[in-house]
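Please open the model in your viewer and keep the selection tool at hand.

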Amino acid sequence: AAEMRQIRRASTNGICPTHIVDPLEEPVPGLGTYEDFNTIDWVREKSKDRDRHREITNKSRESTVALLHRISDAFSGWLLMLLVGLMAGALAGGIDIAAHWMTDLKGGVCLVGFWFNHEHCCWTYNETFQERDRCPQWKSWAELITGTSEGAFPYIMDYLMYIFWALLFSFLAVTLVRAFAPYACGSGIPEIKTILSGFIIRGYLGKWTLIIKTITLVLAVSSGLSLGKEGPLVHVACCCANILCHLFTKYRKNEAKRREVLSAAAAVGVSVAFGAPIGGVLFSLEEVSYYFPLKTLWRSFFAALVAAFTLRSINPFGNSRLVLFYVEFHAPWHLVELAPFILLGIFGGLWGALFIKANIAWCRIRKTTRLGHYPITEVLVVAALTALVSYPNSYTRMSGSELISELFNDCSLLDSSQLCGYPANMSETGAGNSLADRPAGPELYTALWQLALALIFKMTITVITFGMKVPSGLFIPSMAVGAIAGRLLGVGMEQLAYYNHDSILFKGWCSAGADCITPGLYAMVGAAACLGGVTRMTVSLVVIMFELTGGLEYIVPLMAATMTSKWVADALGREGIYEAHIRLNGYPFLEAKEEIEHNSLAVDVMTPRRGDPALTVLTQEGMTVGEVESLIESTRFSGFPVVVSQESQRLVGFVLRRDLLISIDNARKRQDGIVSASQVVFSEHLPPPSPEAPPPLPLRGIMDLSPFTVTDHTPIDITVDIFRKLGLRQCLVTHNGKLLGIITKKDVLKHMAQIANRDPDSILFN
């Protein structure tokens, strides 16, 4: 009433507004954006981009400046991907260099420059291959403190220094994550998948997350914990892409376009992790991307190549070749060997399924008990346990990448590794740089026992480590488990062939004195099998493996093991590790692989259900600004259907809560006469003006005039497919044009959880 009197006084003084301003005539800050933990409207975002593109195209015909603007707009995507590749490659190179140096720092220091790692410190040392690791420039901590490296006391001193550095690095990592960027922990791939599906998590791809994740990733890897940097590098690359998107209006103001860039960035992350541009693109396409148009495919490959070459330029000594684990096997594989390769696939599938179940169970214990309240203590205990057990065994003491490289290695005459511990007199029959058919020596048997213990330890500790509050990847630990199992089986097959040349199994293709079996190949196949069992990757994994090793001729064994591991793992559980963590954390993600085997209808899933209060709606005319604001304050819905009237319930459109709030607030500030008594109008024509009433507020411009609808008898499996393929955040349910209810993405997820006998209330963002 007071506002009405104010308007009448204004009218008497001759200042009553004569023009009704549409709040959308000028851009309103925040309009069309989304709140945190909401899902984007893919249809609206693509419509916005299509309208923007049409406007630029039409203007380009009017002037040269507009034509240049159109050209720059078309080129901006390629420029952005160039910047993403350069930035991600540079950061990955820095992470790689720092991680190698800090990992070696646990064992000693370089006298000619403390910033050199072991390899660089001994780069110019020209002694024999066997003595290469004992160059005088590199001193262990025991040598620096006691002056000698022989005896029990120096060993204990090195042991204690190893544990000290491991605890220091892990403490710094978890403390920085907890204090500055909680989103920097974990792998990041489950959250990236959820974000790419359209979910908003503010800050997850921000600058603080990038800075802290980069620093703590180096610390976590250097601490010796059973984790890798490859998965978190996908998160790092996506952070780079998200930050650089703000330089370009086209990507800054459109969430769907930004997700195209993030999809390409995921490919960049895998490319810098493994040096596998093609595999990185396939990984993004197969595993993480929700929307992946053809132009994104080419831009992803371009950015992945740029990132790989940038990494190589920054860290040219990281690997002497263009691939991470280059292999050069001298013996071809035979068809009979497909049996042990498939056996490795079965092992990988079993390990993957059991690992997922055990890790999820441990994470639930962490979340539901007091253990989750002490993340720093947990990390320090696990780091101390890992260092304590790892140091005595040379295969657990070395980093994951070094271990895999050692296991992939095919023994030559110059190798001093224990895995090449064959009797010296047998090497005289070797040809060239390779050893011929050979029996195992004492050193090899010692190495096999150490590998068996390393396998048990790696399988156990990785379950506990993955999911802690530090950056942690799963690619390298999974590959290490498979590579150990593969090497053990490979040596067993090698010795079986040596002692049974005349058996039916080997006769005809493995003659006496011939080098028939390659244990390194079995390690490579085992690594692929275990990684496939955990992640359920198929084509992208095979491509990554042959790019990783350069072993193009071994695609068939890799395919056989990878597909077998996936089939075995799927038989024990349909979810990969990332999907399992998505479900554990309650992220609103619709898995494309999950099938609906239920006969329910849309009316069974919608809100409200039968017997519930009627759906909260807005009417096309007749509601005031005050009534709309009161309705918004009394509910927590993210949007409201608009109907003709409360009586007819005929659907007109749909309006988002955020857009309503922003538009009303903007109108109150910028338009004269807009008060609580002003009528909110969603119709095309404004009602006749009344001298006693304040001016109306037209909001038709913020309303979605074509919301997606289904009938109440639409089967639920079709409804779920619609949500998946169109990326809907909500769908309205009608009967003969009359609004009955609404189905949101969360409603669909809760219904699917209920069908699978899971708790439907677990579908929320925690």
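In what order do the three strands of the open sheet lie? The order is 9-10-11, and the pairing between these strands is mixed. Select strand 9 (709–711) and strand 11 (738–744), which stand at the edges with a single partner strand each, so one side of each is left without a neighbour in the sheet. If you turn the view, you can follow how neighbouring strands of this sheet are turned against each other, by 35 degrees on average when direction is ignored.

Next, select strand 10 (residues 730–735) together with strand 11; the two run antiparallel and are joined by six bridges.

For another stop, select Ile-342, Leu-343, Ile-346, Leu-350, Leu-354 and Leu-572, which make a nonpolar surface patch of about 500 Å². Helix 14 (residues 338–368) gives the most to this patch, with five residues, and Leu-343 lies in that helix.

Finally, colour the model by confidence, remembering that this is a predicted model. The mean pLDDT of the protein is 86, and 90% of its residues reach 70 or more. Over residues 1–24, however, the pLDDT is below 50, and this stretch has 33 contacts in the model beyond near neighbours in sequence. Residues 425–434 also stay under 50, with 14 contacts beyond four places in sequence.

Terms used:
Residues are numbered from 1 along each chain as its sequence is written. This is a predicted model: local features need pLDDT of at least 70, side-chain atom pairs count only at pLDDT 80 or more; totals for chains, interfaces and linings use all residues. Side-chain values use heavy atoms; hydrogens and water are left out. pLDDT is the predictor's confidence in each residue, from 0 to 100. Contact means heavy atoms within 4.5 Å. Two strands pair if DSSP finds at least two bridges between them. Helices (H or I, at least four residues) and strands (E, at least two) are DSSP runs, numbered from the N terminus. Axes are lines fitted to C-alpha atoms, for helices over the stretch in contact, and angles run from 0 to 180 degrees between N-to-C directions. Patches are made of residues with over 30% relative accessible area and no salt bridge: like charges are joined within 9 Å, nonpolar side chains (Val, Leu, Ile, Met, Phe, Trp, Tyr) within 5 Å. Accessible areas come from the Shrake-Rupley method with a 1.4 Å probe; for residues, only the protein chains shown count as cover. A salt bridge is a side-chain nitrogen of Lys or Arg within 4 Å of a carboxyl oxygen of Asp or Glu.
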